[in-house]
Amino acid sequence: MKGPMMRALSGAAALSLAVAAAPLIAQAPQGPNDADLMNDAASTGDVLTYGMGPQAYRFSTLKAIDTSNVSKLVPAFAASLGGEKQRGQEAQPIVYDGTIYVTGSYSRVFAFDARTGEEKWQYDARLPDGIMPCCDVVNRGAAIYGDKIIFATLDARLVALNRNTGKVIWNKQIADYKEGYSATAAPLIVKGMVITGNSGGEFGVVGAVEARDVNTGELIWHRPVIEGHMGTLKGKDNGITGKLNATWTGDLWKSGGGATWLGGTYDPETNLLFFGTGNPAPWNSHLRPGDNLYTASTLAIDPDTGVIKWHFQTTPHDGWDFDGVNEFIPFDATINGKPMKLGAKADRNGYFFVLDRTNGKFISASKFVMQTTWANGFNKNGKPNYIPEGRPPAPGEGKGKPVFASPSFLGGKNWMPMAYSQDTGLFYIPSNDWGMDIWNEPIAYKKGAAYLGAGFTIKSIAEDHIGALRAMDPKTGKIVWEYKNKAPLWGGVLTTGGNLVFTGTPEGYLKAFDAKTGQELWKFQTGSGVVGSPVTWEQDGEQYVAVMSGWGGAVPLWGGEVAKSFKDINQGGALWVFKLPK
Ligand code: CA
Ligand code: CA
């Protein structure tokens with residue numbers, strides 16, 4: 001008996017088996033439950049979560065496709081997202097019971113037959129005119145639970161659709177888009193709760209993480225991530241975040257930023273959610289003295305109460321929009337002879353952090369980019385050794401004096417998720433080497449208006465590349481290999497038991513590399529830039545690989561000189577699926 005049917009017959013249903021066996025067997029699977037989501041990394045026949053498991057390793061044990069045969073990989077089919085809405089396609093596909101679910105630009109969801117690519121249904125969110133996404137109209141993926149597909153929209157709503165029909169089951173507002181809020185991250189589902197963050201750090205919003213009942217969409221808890229704001233649990237006050245005015249002066253915390261725009265990971269072992277928080281608002285750091293907690297940090301949150309258990313700030317008093325939202329991936333390793341429960345994050349500020357995930361204690365920070373002009377490493381307490389002249393100075397009356405800063409605000413690594421191989425023990429980081437001229441300007445907060453107080457121009461810093469896929473050894477902080485790419489890398493990474501690493505390029509290729517050496521083994525031209533996250537699964541005894549193609553995201557919008565060099569990349573919107581020939 002196969003998995004889904006076995007599940008349908010288990011638990012309460014088994015009691016009535018004797019009288020109701022026939023109708024039960026005839027039913028379609030009820031859909032993934034909490035245990036299935038937690039087991040996603042081990043179940044190779046489906047992809048149920050963003051990150052291919054709640055820890056987001058993006059690692060599959062599948063090895064039918066390996067270093068010896070990946071050069072033979074060919075398309076099984078491609079499916080177009082159609083329409084005129086061809087913008088950045090940053091989604092990771094979800095694969096379940098013969099269907100591939102993807103989200104597309106402008107808050108769309110598609111269900112495709114996983115064997116033929118034929119469309120089953122499409123859902124287009126009706127977006128108001130006044131949405132304010134900072135960095136393209138992207139979406140990074142959906143969540144699946146029971147009969148539902150759940151995703152977040154650009155007008156800061158959360159929508160649950162019936163996964164068989166695409167019909168709306170519930171639709172809830174996360175926050176008010178008129179204040180600058182939006183949402184683009186894939187939801188995380190833990191213990192029957194949909195856990196989401198929010199976007200809008202460039203508009204002086206207040207970052208928050210919240211949990212909703214997956215069946216009804218009703219709010220369970222809400223946790224603002226800026227000190228001074230009150231959290232709630234089941235409609236009641238549940239304590240203030242941090243300590244009022246400890247690291248913010250005056251009323252600045254009320255529009256303090258810290259958007260949790262990339263979503264989070266979950267570690268069942270410690271029962272902790274890990275969410276990154278974005279830049280403090282405004283960008284001009286001279287207008288907000290202090291560390292500005294909990295911006296540019298990783299937070300560990302209790303999923304049962306929404307209480308913050310620990311925090312680690314990667315860029316205290318951020319003055320470069322380094323954010324800090326990057327995914328925190330729990331992993332175990334032996335450090336100095338001691339087995340430890342750790343977590344790793346490749347931060348936009350150019351450093352790869354390893355922390356003790358049980359308490360947030362600093363273990364190490366290793367530079368993973370060519371250059372960091374803002375700090376020269378971290379001390380043993382996990383505080384940056386700032387380079388004072390690397391901070392853009394206070395502006396005075398008009399535009400302040402520009403300084404050159406590296407990484408640029410687009411980051412040593414931006415949203416695009418890294419992968420962690422349990423075989424090689426390496427993290428594969430999609431990184432970029434670039435800098436910017438940045439200067440400060442006067443600014444005052446106005447609801448729903450951009451709140452930067454800064455200007456910038458992105459610049460190249462190397463002749464031959466901006467993008468660099470780097471294999472990082474978390475135990476030594478050393479780069480084991482790197483692959484350099486002319487255009488900035490903007491897509492996620494996948495690694496497999498076949499000793500492979502997959503990632504896409506803006507030039508249009510999905511590429512495969514040897515996970516141990518970085519040797520390029522295969523590439524396929526998808527017709528537009530690849531900025532999505534690839535996945536793999538097993539179906540009908542064969543291994544498949546899928547990725548979204550469609551150039552866009554923040555680079556063409558904010559890339560300055562860099563964007564000009566890549567202005568000829570064509571837009572698109574397609575799901576590509578690959579396998580070995582029979
Ligand atoms: Ca799975
Ligand atoms: Ca930001």
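Q: Is alanine 296 buried or exposed?
A: Alanine 296 is buried, because its relative accessible area is 0%. Buried means under 20% relative accessible area, exposed means over 50%, and partly exposed is in between (1.4 Å probe, protein chains only).

Q: What kind of model is this, and how are things numbered?
A: This is a predicted model, where local features need pLDDT of at least 70, side-chain atom pairs count only at pLDDT 80 or more, and totals for chains, interfaces and linings use all residues. Residues are numbered from 1 along each chain as its sequence is written, chains are lettered from A and ligands numbered from 1 in the order in which they are written, and side-chain values use heavy atoms, with hydrogens and water left out.

Q: Back to alanine 296: what's its phi?
A: It's near 45°, a positive value in a residue other than glycine. Most residues other than glycine have a negative phi, and most peptide bonds are trans.

Q: And where is alanine 296 found?
A: In the loop between β18 and β19. Strands are DSSP runs of E with at least two residues, helices are runs of H or I with at least four, and both are numbered from the N terminus. Tyrosine 294 lies in that loop too, and a cis peptide bond joins leucine 293 to it, with omega about -5°.

Q: Which residues coordinate the calcium ion (ligand 2)?
A: Glu202 (OE), Asn279 (OD1), Asp321 (OD), Asp321 (OD) and Asp323 (OD), at 2.3 to 3.2 Å. Donors are N, O and S atoms within 2.8 Å of the metal (3.2 Å for Na, K and Ca), and water is not among the atoms, so sites may look incomplete.

Q: What spacing do those donors of the calcium ion (ligand 2) follow?
A: Along the chain it's E-x76-N-x41-D-x1-D. Asparagine 279 sits in the loop between β18 (272-276) and β19 (297-301), and aspartate 323 in the loop between β20 (308-313) and β21 (329-335), 44 residues apart. Asparagine 279 and aspartate 323 are both buried.

Q: What about the calcium ion (ligand 1), which residues coordinate that?
A: Asp40 (O and OD), Ser43 (O and OG) and Asp46 (O and OD), at 2.2 to 2.5 Å. Along the chain, the spacing is D-x2-S-x2-D. Aspartate 46 counts as buried because its relative accessible area is 16%.

Q: Why is the arrangement around the calcium ion (ligand 1) irregular?
A: Because the 6 donor atoms subtend angles of 70 to 169°. Six donors count as octahedral if opposite ones are over 155 degrees apart and all others between 65 and 115; four are tetrahedral if all angles lie between 85 and 135 degrees, or square planar by the same rule as for six; anything else is irregular.

Q: New topic: what's the strand order in the open sheet of 5 strands?
A: It goes β1-β34-β35-β36-β37, with mixed pairing. Two strands pair if DSSP finds at least two bridges between them. The edge strands, β1 (59-60) and β37 (520-525), each pair on one side only.

Q: Do β1 and strand β34 pair in the parallel or antiparallel sense?
A: Parallel, over 2 bridges, with β34 covering residues 493-496. Phenylalanine 59 has threonine 495 as its bridge partner in β34. On the β35 side (residues 500-504), β34 pairs in the antiparallel sense over 4 bridges, and there threonine 495 stands opposite valine 501.

Q: Which way do the residues of β34 point?
A: Val493 and Thr495 go one way, Leu494 and Thr496 the other way, and all are buried.
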